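Please look through the sequence and the model first.

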Amino acid sequence: MQQIFGRPQGLTDVLQRYCPGCGHGVVHRIIGELLVKLNIRERTVGIAPVGCSVFADEYFNCDMIQPPHGRGPAVSTGIKRTRPNCIVFSYQGDGDLAAIGTAEIVHAAARNENITVIFINNAIFGMTGGQMAPTTLPGMRSTTSVQGRDIKKQGYPIKVCELLAGLDGPYYLVRTAVNTPKNVIATEKAIKNAFVNQVDNKGFSLVEILSMCPTNWGMTPVQAKKWTDESMIKYYPLGEYRNRAKEGK
Amino acid sequence: MPHVKILEEVCKGCGLCCDGICPVNILILSPGRINSNGYHPAEVTDNSKCIGCGYCFKVCPEPAIEIYK
Ligand SMILES: Cc1ncc(C[n+]2csc(CCOP(=O)(O)OP(=O)(O)O)c2C)c(N)n1
Ligand code: SF4
Ligand code: SF4
Ligand code: SF4
Ligand SMILES: [Mg+2]
């Protein structure tokens, strides 16, 4: 009897304190598998964000640092430049990356910094109680937009892949989701590419993952999975926004 | 023969693996069982039908599923 699917060695045995149906866990499992499959676990340094995944240092079975809110790309840059043999990934939520950390991510991308960024877009500030994020959809309710986000007052959501694709710097930009087996498999491929690019010294790779936050969306996990298709993917189209490997550069 | 094992104490009863994901439809949320965190864990109704596709594992956030063959 052989195990074909199970908890990967790249995760610790600690039970994750995410809500039922939270997308963070699926992405953790994928990263945990790749650390082993790509044989990089021993030389990987992960950067945990501020947000629900602030405890990611307990969950990933590799070296981890937990810097201040939004500073993942800056700290990643420091580690990668001083220890180029390390594989560095910055794991960030949308509040972390697209609000307080906007400057860091834009400049790391512009420099084509040789790091891997895993960007969890759940359109909400999850950890702090469901406040509006820069990524909250027009009309979407949150605890700070109880009537729904009003684009006249609060402006339009930031589409991070599209924004960064306006720069010459980044090597790989892709958006995926984790609500169906098909989308999870696409996410596995994208995150693998994002790590392999770093191993091959290609430069900046970012995978934006549309992720369910059933708790702050006010839905069951199954409703959240459907709403990802109906609303999130409609506003944030999946696919590659930059892939210089395909352009042969 | 492939078969699936639910880690009852790890499962959070989210139901994502039970919602039309399984091609042979053998996963349900247990109506009767309850784990020590208070969740109704997923349950396998007929393990002999499992084809080992791994879809349930791929959508499970914990992961609370193991698949053997
Ligand atoms: C400097 C600073 N400002 C604000 C906060 C409060 N804070 C904690 S988590 C968070 C946002 C989390 O949202 P996100 O990054 O989207 O992560 P999620 O919980 O949704 O995964 C904020 C604003 C903080 N901890 N530190
Ligand atoms: S609040 Fe949302 S993002 Fe945070 S653990 Fe719960 S479901 Fe996940
Ligand atoms: S491995 Fe496939 S067939 Fe077996 S229980 Fe999971 S989804 Fe169903
Ligand atoms: S997807 Fe995982 S956590 Fe959710 S019900 Fe199924 S086994 Fe339990
Ligand atoms: Mg968020």
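The shell around ligand 3 is made up of 11 nonpolar residues, two polar ones and no charged ones; here Ala, Val, Leu, Ile, Met, Phe, Trp, Tyr, Cys and Pro count as nonpolar, Asp, Glu, Lys and Arg as charged, and the others, Gly among them, as polar. Of these 13 residues, B:Cys22, B:Cys50, B:Cys53, B:Gly54 and B:Cys56 come nearest to ligand 3, and a residue is taken as near if one of its heavy atoms lies within 4 Å.

The model is predicted: local features need pLDDT of at least 70, side-chain atom pairs count only at pLDDT 80 or more, and totals for chains, interfaces and linings use all residues. Residues are numbered from 1 along each chain as its sequence is written, chains are lettered from A and ligands numbered from 1 in the order in which they are written, and side-chain values use heavy atoms, with hydrogens and water left out.

Ligand 4 is also surrounded by residues of chain B, including B:Cys11, B:Cys14, B:Cys17 and B:Cys60. Its shell has eight nonpolar, two polar and two charged residues. B:Lys12 and B:Glu62 belong to this shell.

The table gives the accessibility of two of them, where buried means under 20% relative accessible area, exposed over 50% and partly exposed in between (1.4 Å probe, protein chains only).

| Residue | Relative accessible area |
|---|---|
| A:Asn122 | 7%, buried |
| A:Ile124 | 1%, buried |

Between the chains, 26 residues of chain B are in contact (heavy atoms within 4.5 Å) with 30 residues of chain A.
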